[in-house]
Amino acid sequence: MKRKLTLLVILCFSICRQLAAQDPLLVNVYNRDTKTLNGKWHYIVDPYENGYYDYRQEPFDKQQNPSNNAYFRNYKPKDKTELVEYDFDKSPTLLVPGDWNSQEEKLFYYEGTVWYKKSFDYEKAKPNNRVYLYFDAVNYQADVYLNGEKLGTHKGGFTPFNFDVTGKLKPRDNFVVVKVDNKRKREEVPTVNTDWWNYGGITREVRLVEVPASFVQDYFLQLDPNNTNELIGYVQVGGEQQAGQKVQVNIPALKVKQEVVTDARGYAPLEVKVRKVNLWSPENPYLYDVNLRVNDDVLEDQIGFRSIRTEGADILLNNKPVFLKGISIHEENPQRGGRAYSEEDARILLNWAKELGCNFVRLAHYPHNEHMARMADKMGLMVWEENPVYWTIQWQNEDTYKTAERQQAEVITRDKNRASVIIWSMANETPVTPERTAFIRNLIAKTRSMDPTRLISAALEKHNINATTSTVDDPLIEDVDVLSFNQYIGWYDRLPDALSKTSWEIKQNKPVIVSEFGAGALQGLHGDKMERWTEEYQEYLYEETLAMLQKIPQLRGITPWILVDFRSPRRPLPNVQDGWNRKGLISQTGDKKKAFYVLQDFYKNFKLKDKK
Ligand code: GCU
C-alpha cells in the first residue's frame, strides 16, 4: 500500500512539473555529449541598466522596434553615420564559469547588472535533433537572448535552467547575450541579508545540449525506502512523439532489462524488481551503471541504491542506525576567494571533509554545483542539500514563495538520483511566525510530493529556558523527519565555560542533528583559551560543545560551522576578519586550526552505540 502511495506521489510530481514548467529541465546533461560555451565572454558593466531600459525607463525587449542601443541586439553600426554606444567585441572579457567579484578587482563589491555576450557557430549532428541551451546556474537573475530574440528569464542563483533553442540556431555567428543582475532584494530568495558574499555572474557552466527528436528528458530511479527489493520512479520522454514511446531501462549488473511504454504525456512509472542489491553507503559507495534508451537516445548514469529513513530517534541507512559525522560547507574555493564551480573545487572541499573523518556534509545555505553531489556519490559522503530560505524571507509574498518552491523543484530535479543526497533542508534560522511556518509547510508538502524517498529537515532555532537549560521550540518540529538546529553557546551566547553547565530538553522522539555550532579564530593567532579569536578559544569551545551535545539522547549527527573560512561583508574586524567569517576549521590559505584536530579525534573515536 505504502509503495502504491509512493508511486502515486511521484506521478503527481511529474504531472504538476509538466504543467508548471515552460522549458522542462533536462536531467543528467552531466553525462551527455554537449558543446560547451565555457571560456571568455565579453562583458559590459551596466549599473543604470542603460542597455535594458530606454531613457523613459521602458524595457527595450518589450518594444516592437528597440533602439540600436538595446544591448541584447549586439548591434553593429551599418555605416559611419550610425550611432551605437556599445560594442561587446571591443569590451573586456570574463571567464565563464566564474563570479565577477573574484575575477575583476573593480567588481569585487559590485551588485547590479553585467551583460555577457558569447558568439559561436553551430552545426546540428542530425537535422531533426533538438537543441537546448543549459545553464548550471547564474546569480541572481538571468535574462537570456539568442540572436537578438529573448528566450526567457530565470531567478535564483544556485539552480540549473534551460531553453529549447531548436530551430533558433544558425550554422555561423550565433550570439547569446545574458543580462545578469545580482542585486539583493527583499522579496527574493535569499533576501537582502545573508552571511555570505553575493558573488554575481554566470557562476557555473553553460552548454548546448543536442538530443534526438524524442529523448530521455527526466527520470527518477531510487530504492523504495520500504522495500529494498524494488526500485521505484518514472521516466519522462521529451521532444516530439512523447506518447507511446518504448523506453528501455538497463542495469546490467542487476540483470535488469525492463521496457516501459509512455502514456499520452510521455510519462511512464517505473517499478523494477531487484535482488541482492549492492547497497550504497559511505563504506561502500557502489554505483551501478544505468542506461536509459528511447529510439536513438541512450543516456548513461551512475546511480547508487540505498534506503534512508527514520525510526524513533534513529536514522537508518539501509536499515542500520547511523551517526552523521558532518561538517558545514559554503560553495567557495578559499584560495581563489570566489565561488566554487569545478570538479577540482569539489575535490578540494570534500577531501578536507574526508580528512576530518566525515561521512556527511551540509552544503550550506543553497544548492551547490552538481559536481558536489556526484563526487559525494563516489567518495562515500552523505549530503544535506539546502534551499536558500534564509533568515527574514518575505513570508506573505506569493511570488517569493513561488521563487522558493521553483528553486526547490530545480535542485530535486537535478539531484534526485544521487544516493549521497539523504536530506532536503527547507530553511535556515527563520524567525517563528504563523506566515513563516505556513510558507515552509507548503515547501515540505511540495518536496514530499516530488521525492518521497528522502528525509526532510530545516535548521530551526534554539531557545534558552534558563541559564542552564536550552531547548528547541518550533512548530515545524512536527513536520520534519529530522529535528535540526543551530546553537552558538560560547560564542554569541555567553562564553565556552557555560557549555558544561547547559543541558538540553528535547522531548520529541526524533533524530537530532546540531546543524551549526562554532567560534571564530584567526589561524596562527594563539593565546589564552578565553581570548576571543585565538585558535585556543575555538579549540576549547569545540571540546566543551562536543561534551555537551553527547548528552542529548536523540543526537544522531552534527555539522559544525564550518569547514573553511569564507568571505562575508558582515565581518569587517581589521586584522582579524578583514571581510572573512573566521569560523572555519581551515583558513582560506588551507592551513588547519587546532579545533580541526579536536573534531577529527572525536569522529575517529565516536561510536553510536555509546549513545544508548
Ligand atoms: C548563523 C548562520 C550562518 C552564519 C553563522 C555565523 O547560524 O546560519 O549562515 O554564517 O551563524 O554567524 O557565523
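R406 is found in helix α4, residues 398-415; helices are DSSP runs of H or I with at least four residues, strands are runs of E with at least two, and both are numbered from the N terminus. This is a predicted model, in which local features need pLDDT of at least 70, side-chain atom pairs count only at pLDDT 80 or more, and totals for chains, interfaces and linings use all residues. Residues are numbered from 1 along each chain as its sequence is written, and side-chain values use heavy atoms, with hydrogens and water left out.

**R406**

- R406 is partly exposed, at a relative accessible area of 28%; buried means under 20%, exposed over 50%, and partly exposed in between, with a 1.4 Å probe and protein chains only.
- Leaving aside residues up to four places away in sequence, R406 touches H154 and K155, where contact means heavy atoms within 4.5 Å.
- From R406 to Y71 the C-alpha to C-alpha distance is 28 Å, and the two are 335 residues apart in sequence.

**Whole chain**

- Seven helices and 35 strands make up the list of elements in the chain.
- The radius of gyration is 25 Å, close to the 25 Å of the globule rule for 612 residues, so the chain is as compact as a globular protein of that length. The radius is taken over C-alpha atoms, and the rule is 2.2 Å times the number of residues to the power 0.38.
- Along the principal axes, the C-alpha atoms fill a box of roughly 80 × 60 × 40 Å.
- Of the 612 residues, 62% count as buried.
- Among contacts between residues at least 6 apart in sequence, 72% join residues at least 24 apart.
- The chain exposes about 23400 Å², with carbon and sulfur atoms supplying 50% of it; accessible areas come from the Shrake-Rupley method with a 1.4 Å probe, and for residues only the protein chains shown count as cover.

**Domains listed by UniProt**

- An unreviewed UniProt entry places "domain: Glycosyl hydrolases family 2 sugar binding" at residues 65-212. UniProt positions are given in the numbering used here, feature names are shortened, and annotations may be inferred rather than shown by experiment.
- Residues 65-212 are 0% helix and 33% strand, and their end C-alpha atoms are 36 Å apart.
- For "domain: Glycoside hydrolase family 2 catalytic", UniProt (unreviewed entry) lists residues 311-573. Over residues 311-573 the chain is 28% helix and 25% strand, with the end C-alpha atoms 46 Å apart.

- Helix α3 (residues 370-379) is largely enclosed by the rest of the structure, because nine of its ten residues are buried. Among them are E370, H371, R374 and D377.
- A cis peptide bond with omega of about -25 degrees joins A364 and H365; H365 lies in the loop between β25 (360-363) and α3.

**Other backbone features**

- N139 and Y140 are joined by a cis peptide bond, with omega of about 15 degrees. Y140 is in the loop between β5 (130-135) and β6 (141-146).
- K255 is a residue other than glycine with a positive phi, near 50 degrees. K255 lies in the loop between β13 (246-251) and β14 (256-261) and is exposed, with a relative accessible area of 77%.
- E429 is also a residue other than glycine with a positive phi near 50 degrees. The loop between β27 (421-428) and α5 (434-450) holds E429, which counts as buried at 16% relative accessibility.
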